[in-house]
Amino acid sequence: MGKIILDNLINKVEDMPILPDRISKIISLTEDPDSTIKDLEKEILMDQSLTSEILKLANSTYYGYARSISTVSEATVLLGSQAIKSLVLASAVSQFLIKELPDGYGLEKYALWNQSQSCAIISRFIAKKLKYPKAEEAYISGLLRDIGKTILNYYVAKEYGTIINKVEKEGKTFIEAEEETLGFNHGEIGAKVAQKWNFPLALVESILYHHSPELSETDPKLVSIVHIADSITMMLGVGLGNDGLSYNFSEFALKTLNLDGEAIEKIIYEATDYLNDRDSFNIVVS
Ligand SMILES: [Fe+2]
């Protein structure tokens, strides 16, 4: 049965909306070493809501600038192109997750979105703390790692109910329950979406392997950061209830990042502070 559902779901993923042209253009500009801040600014200014979100972010306490930032060019210079990329992707994906999918699971949809933002913030926090050079990649990976759950929630609602039941009543992990019910897990489906949206390979892998970082090949550090942030998010109980109790840290991830129990405790303590800063949250177009 699992195989049929997976094929079916992959076909549905094929039919999903692609990212709007402007978003793809901005993302490729942020990755092109020959592009200038002016090119980026021009593209951003064509989108009113993105312009206001970027100004809002630049003025948030997260970035902590003493003076107020009133133009997109100042904001792009201050935030840097990688932060702009995170913001643009977060905005595009949130529109897809919150707006494109029809109502019916509204509450859960927002819970999943809040949880994703928490994981993104914690991923970036860990990346910076460990001096991993691509902190914004970590943010995006954390934001998207559970995108497969949204797809399942919507496209296989009946089976999704069975999965939740197994987690809540039988104490299974989410991954175990999914594999028993469907024959595959949300990482696999999420990675299909990321491939469809032409995301970089490291990002696809961090979605695919966030529950099994030892399988990653492209960037095991990134996948390990997302795995640890995901486990912390679940432990802190941000989002979807009982699943949080059944999470463990992978030995591989702890070793890859050179973290011990004490370091993890410290991260949890500090990350909680970050999550309490509401300005780090809801940076997306609403
Ligand atoms: Fe997950």
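## Basis of the model

Helices (H or I, at least four residues) and strands (E, at least two) are DSSP runs, numbered from the N terminus. The model is predicted, so local features need pLDDT of at least 70 and side-chain atom pairs count only at pLDDT 80 or more, while totals for chains, interfaces and linings use all residues. Residues are numbered from 1 along each chain as its sequence is written, and side-chain values use heavy atoms, with hydrogens and water left out.

The pLDDT, the predictor's confidence in each residue from 0 to 100, averages 79 over the protein, and 80% of the residues score at least 70.

## Overall make-up

The protein has 16 helices and zero strands. Of its 286 residues, 53% are buried, where buried means under 20% relative accessible area, exposed over 50% and partly exposed in between (1.4 Å probe, protein chains only). Of the contacts with a separation of 6 or more, 65% join residues 24 or more positions apart.

## The iron site

Four residues supply the protein donors of the iron ion: D146 (OD), H186 (NE2), H210 (NE2) and H211 (NE2), at 2.1 to 2.2 Å from it. Donors are N, O and S atoms within 2.8 Å of the metal (3.2 Å for Na, K and Ca); water is not among the atoms, so sites may look incomplete. The spacing of the donor residues in sequence is D-x39-H-x23-H-H.

The angles between the four donor atoms run from 84 to 176°, which makes the arrangement irregular. Four donors count as tetrahedral if all angles lie between 85 and 135 degrees; four count as square planar and six as octahedral if opposite donors are over 155 degrees apart and all others between 65 and 115; anything else is irregular. H210 is buried at 0% relative accessibility, whereas H211 is partly exposed at 24%.

## Helix α11

In helix α11 (residues 174-182), the residues F174, I175, A177, E178, T181 and L182 are buried. They lie on the same side of α11, because their arc around the axis is only 165°, taken from the directions from the helix axis to the C-beta atoms.

## Two loop residues

K131 is not a glycine, yet its phi is positive, about 60°. K131 sits in the loop between α7 (106-129) and α8 (135-144) and is exposed, with a relative accessible area of 71%.

N258, also a residue other than glycine, has a positive phi near 60°. N258 lies in the loop between α15 and α16 (261-276) and is exposed at 70% relative accessibility.

Definitions and conventions: Contact means heavy atoms within 4.5 Å.
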